[in-house]
Amino acid sequence: MANYLKLKVDRGALIAEVVRGGPAEKAGLRGGNQKVQVGNTVVVVGGDVVLKADQHVVKTNDELIRYIREKKPGDSIILHVLRKGKTEDIRVILGERPRRR
């Protein structure tokens, strides 16, 4: 999928959606803003791609979710993300998972 989307990385966790008022939005993470069809799957693209959580390499969305689940609300993690072709570190203070509105 990374090749199809012409991303500069071949692994990571693509952020499709950021919940309004949630920890990700408060930290400045960006979700996708465009839907594209890749084969039989519709993918939301344009958001940040998480490459590392703290110093742990993130290869898939599931890996990122598992890493975050090991933490508790109030913990802080540093996400190394790819955004518009450039990398940056973003500090996120974890909270309770927000409900979708």
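A salt bridge is a side-chain nitrogen of Lys or Arg within 4 Å of a carboxyl oxygen of Asp or Glu. Keep that in mind as you look at this structure, which is a predicted model, because three salt bridges turn up in it.

**The overall layout**

Let's start with the big picture. The protein has two helices and seven strands. Reading from the N terminus, the order of elements is β-α-β-β-β-β-α-β-β. The chain has 101 residues, and 28% of them count as buried. Its accessible surface comes to about 7400 Å², with 46% of that belonging to carbon and sulfur atoms. How much of the contact count comes from residues 24 or more positions apart? Such pairs account for 49% of the contacts with a separation of 6 or more.

**The salt bridges**

Here are the pairs, with the distance between the N and O atoms.

| Salt bridge | N to O distance |
|---|---|
| Asp48 and Arg83 | 2.7 Å |
| Asp75 and Lys72 | 3.5 Å |
| Arg83 and Glu88 | 3.7 Å |

Take Asp48 and Arg83, whose side chains meet in a salt bridge. Asp48 sits in the loop between strand E3 (41-45) and strand E4 (49-53), while Arg83 belongs to strand E6 (residues 76-83), so this pair ties together parts that are 35 residues apart in sequence. Are the two partners buried or exposed? Asp48 is buried, with a relative accessible area of 0%, and Arg83 is buried too, at 12%. Both calls follow from the cut-off, because buried means under 20% relative accessible area.

Arg83 has another partner as well: its side chain also meets that of Glu88 in a salt bridge. Glu88 is partly exposed, with a relative accessible area of 32%. Through shared partners, Asp48, Arg83 and Glu88 are joined into one network.

What else does Arg83 touch? Leaving aside residues up to four places away in sequence, the list is Gly28, Leu29, Arg30, Asp48, Glu88 and Ile90.

Now for Asp75 and Lys72, which pair up in a salt bridge of their own. Asp75 counts as partly exposed, at 21% relative accessibility, whereas Lys72 counts as exposed, at 55%.

Time to move on to the greasy side chains. In soluble globular proteins, nonpolar side chains tend to be buried together. In this model, the largest nonpolar core has 14 residues, and those with the most contacts inside it are Leu29, Val50, Leu64, Leu79 and Val92. Which elements each supply at least two residues of this core? They are E4, helix H2 (61-69), E6 and strand E7 (86-93). The largest share, three residues, comes from E6. That is also the strand where Arg83 is found.

Not counting residues up to four places away in sequence, Val50 touches Gly12, Ala13, Ile15, Val58, Leu64, Leu79, His80 and Val81. Leu64 and Leu79 in that list are, like Val50, among the residues with the most contacts inside the largest core.

Terms used:
Residues numbered from 1 in each chain as written. Predicted model: local features only at pLDDT ≥ 70, side-chain atom pairs only at ≥ 80, totals over all residues. Heavy atoms only, no water. Helix = DSSP H or I, 4+ residues; strand = E, 2+ residues; numbered from the N terminus. Buried < 20%, exposed > 50% of the residue type's maximum accessible area, 1.4 Å probe, protein only. Contact = heavy atoms within 4.5 Å. Areas by Shrake-Rupley, 256 points an atom, 1.4 Å probe, with all protein chains shown as cover. Core = buried A, V, L, I, M, F, W, Y, C linked by side-chain atoms within 4.5 Å.
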